[in-house]
Amino acid sequence: MLDAVIGCLAHTGIGQFTLRGVAAALGQSTRVLTHHFADKGELLVAVMRRLDEQQHHALRTTEGWEDPAVPVSAVVRSAWERNLGEVELPMTRLIREIEGLAAAGRLPEAVPDFVRGRADFVASCLTLRGVPERTALITATMLNATFAGLQADYLTTSDAERARGALDELCHWLDAVVAARGDRRGEGTPRQSGS
């Protein structure tokens, strides 16, 4: 049911979605949705959790994710191609829309875990390559923000050459950070609780 809802929202967007509209698009009654979700906000939280699960699964199964010998840039480039490919493009647009609406304070629920959880997840790929935990989290935050910004830029302008050039620079930076930090294991600032 939730995957069907996500598929619907990926094509209609979430800016003005209603339970009634989603139910109608799915060929169901509103009662079917309210049986599973108390209201629109609860449905949106469930959608974001499921999108995170899908994104984490896709990254985890990307060739090289768990192989420290594979540069992180290879994983980033694979994710870029997959996210902007025909199959995942509607989901990528939905994720960018959620982030934009959240940043504008226009979602009914707070969504900090949607972004923070992604940073923690990507940081795990960096720590596997020897980057100290605190540095990995900061680097993952910068990587995710830049990656999302480049995707938004490309989706807005369709300027593939410029976006890919910027992605290449991001990948060079990332590989240099991983190489430098991985060579100095243990020198990172200890992670403080609550950060």
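This is a predicted model: local features need pLDDT of at least 70, side-chain atom pairs count only at pLDDT 80 or more; totals for chains, interfaces and linings use all residues.
Me: Why is Arg118 called buried?
Reply: Arg118 has a relative accessible area of 15%. Buried means under 20%, so the term applies to Arg118. This residue is found in helix H7, residues 112–127.

Me: Which residues is Arg118 in contact with, leaving aside its neighbours within four places in sequence?
Reply: They are His56, Ile95, Arg96, Glu99, Asp113 and Asn144. Each has heavy atoms within 4.5 Å of Arg118.

Me: Which residues of helix H1 are buried, and what covers them?
Reply: In H1, residues 2–12, the buried positions are Val5, Ile6, Cys8, Leu9 and Ala10. Their cover includes helices H2 (19–26), H3 (30–36), H4 (40–60) and H6 (89–103). Just after H1, Gly13 adopts a positive phi of about 85°.

Me: What makes the set of 28 residues a nonpolar core?
Reply: The term denotes buried residues of nonpolar types joined through side-chain atoms within 4.5 Å. In the largest such core, the members touching the most others are Leu59, Val72, Val76, Trp80, Leu126, Leu167 and Leu174. Helices H5 (72–83), H7, H8 (133–157) and H9 (160–183) each give two or more residues to this core, and H8 gives the most, with seven. A second, separate core has 24 residues, including Val5, Phe17, Met48 and Phe114.

Me: Which residues does Trp80 touch, not counting those up to four places away in sequence?
Reply: Trp80 touches Phe147, Leu150, Gln151, Tyr154, Ala163, Arg164 and Leu167.

Me: How many helices and strands does the protein have?
Reply: There are nine helices and zero strands, giving the pattern α-α-α-α-α-α-α-α-α along the sequence.

Me: How do you know that the protein is as compact as a globular protein of its length?
Reply: Its radius of gyration is 18 Å, close to the 16 Å that the globule rule gives for 195 residues, so the description holds. The C-alpha trace spans about 60 × 40 × 30 Å along its principal axes. Of the contacts with a separation of 6 or more, 69% join residues 24 or more positions apart, and buried residues make up 41% of the 195 residues.

Notes
Residues are numbered from 1 along each chain as its sequence is written. Side-chain values use heavy atoms; hydrogens and water are left out. Buried means under 20% relative accessible area, exposed over 50%, partly exposed in between (1.4 Å probe, protein chains only). Helices (H or I, at least four residues) and strands (E, at least two) are DSSP runs, numbered from the N terminus. The radius of gyration is taken over C-alpha atoms; the globule rule is 2.2 Å times the number of residues to the power 0.38.
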